[in-house]
Every structure is written in C-alpha cells, then in structure tokens.
Amino acid sequence: MKKILLPTDFSQNSWNAIAYALQLFKDDTCTFYLLNTYTPIVYHTEYVLVSPEQFDLGYSARDTSVRQLEEFELKMNQEFKNPNHTIETMAVFNMLIPEVKDIVKEKNIDYIVMGTKGATGAKEVLFGSNTVHMFKNIKCPILAIPDDFDFEPLKEVLFPTDYEIDYNDNHIKPITNITSLFIANLNILHVSYGYDLTEKQQSNKATLKKYLKDQTHLFHNVSNQSVPHAITDFQLKTRINMLIMINNKHSFFENLFFKSTINQIGFHLNLPFLVIPSNI
C-alpha cells in the first residue's frame, strides 16, 4: 500500500495536484493524507506556541482548516471515488516544512504530491517558495504538478542524469513504481561536454542498467548543450508526460534549480516533476 501526502492550502492549484495524484495512483491501494497547516494571523509567539488555546487564537483558524479539509475530502470522493483509496485529513497548528518532516517520518510516506504555482503567480517563477523548500529540506520523493496541468497517462518519462550518483533502491524504486503504473518508457538523458565518462560514471551507468532490466528504457546522449536546453529540445521531439530528477548535492540539479536565477536559465517547466532526494 502506498502512502501519499497531499499538502493543501485549498487553492485551485493544490486541488489540481490532488486530482492528478488520485488519477495517477487510481489502480494502486493508497492512503492519502490530506494536510493543511495553519497559524493564526496574529499571535504572541511566547505563549501561543506553547498553548494557543489560552487566547482562543487557534480556534477560528482550526475550525476553518477542518471545515475546508472536509469540503476537499467530499470533493475527492465525489469526483474520484475509488475503493482502493483511503483519505485521512490532518489540520495541524504548525509551519508547513517541519510538519511535513514529522509526517514523512511518522507515516513512512512514499510520495508527496503538491502544486507548484508561485505566490506571485508570475510566469517567470518556476516554483513557489514552499515547493523549493520542500526540495531542499524533505527527504521524500516529491511530485510537483504545474498549475492547470491536466492529467494524462504516462507514456514517455524523461530522466536526465549526470551518472554521478551511486544509484540504490531509494533512488530507483520511486521511479519504476511510477513508470509501472502505465508501463511507460523511461528515457535516460545524459548531457556531455566532449569528455568520456569517468570510471565512476561508467560504473554508475552500469548499475542503473541493472536496476532497469525489467523496465522499458532508452539511453540518450547529447553534446554541448546546457541541461535546460537539452530537456527543452527533448520535449520538442518526444511527447514527455513527466520529468524525473535526483536531487544530488553538487550535481547539475542543484546548479539548475538552486544556484541559478530562474530568468537566467531560460527553463519553464510545464510537466509534472518528480524530485527524488539523493539521501533518504
């Protein structure tokens, strides 16, 4: 049974991500944890963090959270009723990231699915701040769904990699579990810059091949392009339904998303994006 965490702020964007998750895992037995974290707009930190109820500051926020969670749960059951799926709602007085950390550990969460719309809604903002903080701080596979993306069955999945990762079960199982849902083809994309693979890269590639022996896959190599441009070009040639990356420190993932400004990389993601931490 899969355990899926669905953080929500009750926006249309978060509902869109929830709808995607329910359709993606429609044939799997799953428990979906629908999470809303809340804090009163104004509170006295010294006292409220200990016991917000002392000042009745938490009651109104909690009531609103519980009511909206119930509305979302009802909508999930009405639009995507599935006997394979169980829904549990969680209204929690906390900040989002620390609460998600606790739930991932306590519930042994398999995937987090969330929307990606930035707080400003600006087109040049690739991810909202919550999504970026998730990528950086949460040790769990995170599936980020673009605003207004309509679900489509997986046929072609793109997995760019630099072969600098010592692949293990924690890296590969979240990928093959997803691709097996629709018997999708996995495209492994490597961007080279005129140099042969090092011994370490060759060894890691061989390990990856072993992991994928029962998975339909193709290896692709392109030269002298930036990773964003290589991904964009691949999308133009092949109808990709999902992008997957492993968030490895000091890798091109970190350089791409955390060290470059969004308007410099010229990369606008319009696909569901699965990010797998290198260390879980």
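**Notebook: strands and aromatic pairs**

I began with Cys30, which stands opposite His85 in β3. The model I read is predicted, so local features need pLDDT of at least 70 and side-chain atom pairs count only at pLDDT 80 or more, while totals for chains, interfaces and linings use all residues. Residues are numbered from 1 along each chain as its sequence is written, and side-chain values use heavy atoms, with hydrogens and water left out.

Entry 1, the strands. I took helices (H or I, at least four residues) and strands (E, at least two) as DSSP runs, numbered from the N terminus. Two strands pair if DSSP finds at least two bridges between them. I found that β2 and β3 pair in the parallel sense over nine bridges. Pro7 has Leu35 in β2 as its bridge partner. I then followed the chain from β1 through α1 to β2 and noted a right-handed β-α-β crossover; with the strands pointing away from the viewer, the path from the first strand over the helix to the second runs clockwise.

I used buried for under 20% relative accessible area, exposed for over 50% and partly exposed for in between (1.4 Å probe, protein chains only). Eight of the nine residues of β2 are buried, so this strand is largely enclosed by the rest of the structure.

How many aromatic pairs does the structure hold? I recorded nine. Rings of Phe, Tyr and Trp (its six-membered ring) pair if their centres lie within 6.5 Å; planes under 30 degrees apart count as stacked, over 60 as edge-to-face and the rest as tilted. Trp15 belongs to helix α1 (residues 12-24) and Phe72 to helix α3 (residues 57-80), so the pair ties together parts 57 residues apart in sequence. Both Trp15 and Phe72 are buried. I also listed Tyr38 and Phe93 as an edge-to-face pair, with 5.8 Å centre to centre and 70 degrees between the planes. Tyr38 lies in strand β2 (residues 30-38) and Phe93 in strand β3 (residues 85-93), so parts 55 residues apart in sequence are tied together. Tyr38, at 11% relative accessibility, counts as buried, whereas Phe93, at 21%, counts as partly exposed. Lastly, I noted one aromatic cluster formed by Phe10, Trp15, Phe72 and Phe80.
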